Amino acid sequence: MPVPKSEFEQLPPCDFYTPAELLEDDQMYTVYEIARMLQGADPDAELDPETEAVLLDWAIPWVMTNADDLVVAESRDEDEPGYYGLKE
């Protein structure tokens, strides 16, 4: 159910990190690491599966929206995901 804006003390703009603000030039990241970083968490933070699923719901569209600024690397083995990094 909608809530009146007046019930909130602050309403900051809905800004998201750009790839250059979030990622280091010389590093590659999994979508799981990106998901954590988008929420201000350490990329290696331990998360329960439900929380990680919610964060992925944010990260996957972010990767797709910013695809023009990213490069992709295949996973190094079958048990790990692919990697994303800044396009040079």
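A salt bridge here is a side-chain nitrogen of Lys or Arg within 4 Å of a carboxyl oxygen of Asp or Glu. The model is predicted, so local features need pLDDT of at least 70 and side-chain atom pairs count only at pLDDT 80 or more, while totals for chains, interfaces and linings use all residues. Residues are numbered from 1 along each chain as its sequence is written, and side-chain values use heavy atoms, with hydrogens and water left out.

**Exercise 1. Find how many salt bridges the rule gives, and work through the partners.**

Step 1. The count is two salt bridges.

Step 2. Begin with E80, which pairs with R76; their closest N and O atoms are 2.9 Å apart. R76 is exposed, because its relative accessible area is 67% (exposed means over 50%, buried under 20%, partly exposed in between, using a 1.4 Å probe and protein chains only).

Step 3. Turn to E52 and R36, where the closest N and O atoms lie 2.5 Å apart. This pair links distant parts of the chain, with E52 in helix α3 and R36 in helix α2, 16 residues apart. Both E52 and R36 are buried. Helices are DSSP runs (H or I, at least four residues), as are strands (E, at least two), numbered from the N terminus.

**Exercise 2. Work out how α2 is oriented relative to α3, and which residues make the contact.**

Step 1. Take α2 as residues 31-38 and α3 as residues 49-65; their axes come within 8 Å and cross at roughly 100°. The axes are lines fitted to C-alpha atoms over the stretch in contact, with angles from 0 to 180 degrees between N-to-C directions.

Step 2. Now list the contact (heavy atoms within 4.5 Å). From α2 come V31, Y32, I34, A35, R36 and L38, and from α3 come E52, L55, L56, W58, A59, I60, W62 and V63.

**Exercise 3. Decide whether α2 is mostly covered or uncovered, and say what its buried residues pack against.**

Step 1. Seven of the eight residues of α2 are buried, which leaves the helix mostly covered.

Step 2. The buried ones are V31, E33, I34, A35, R36, M37 and L38.

Step 3. These buried residues pack against α1, α3 and β2 (83-86).

How values were computed: Parallel < 35°, antiparallel > 145°, perpendicular 65-115°, else oblique.
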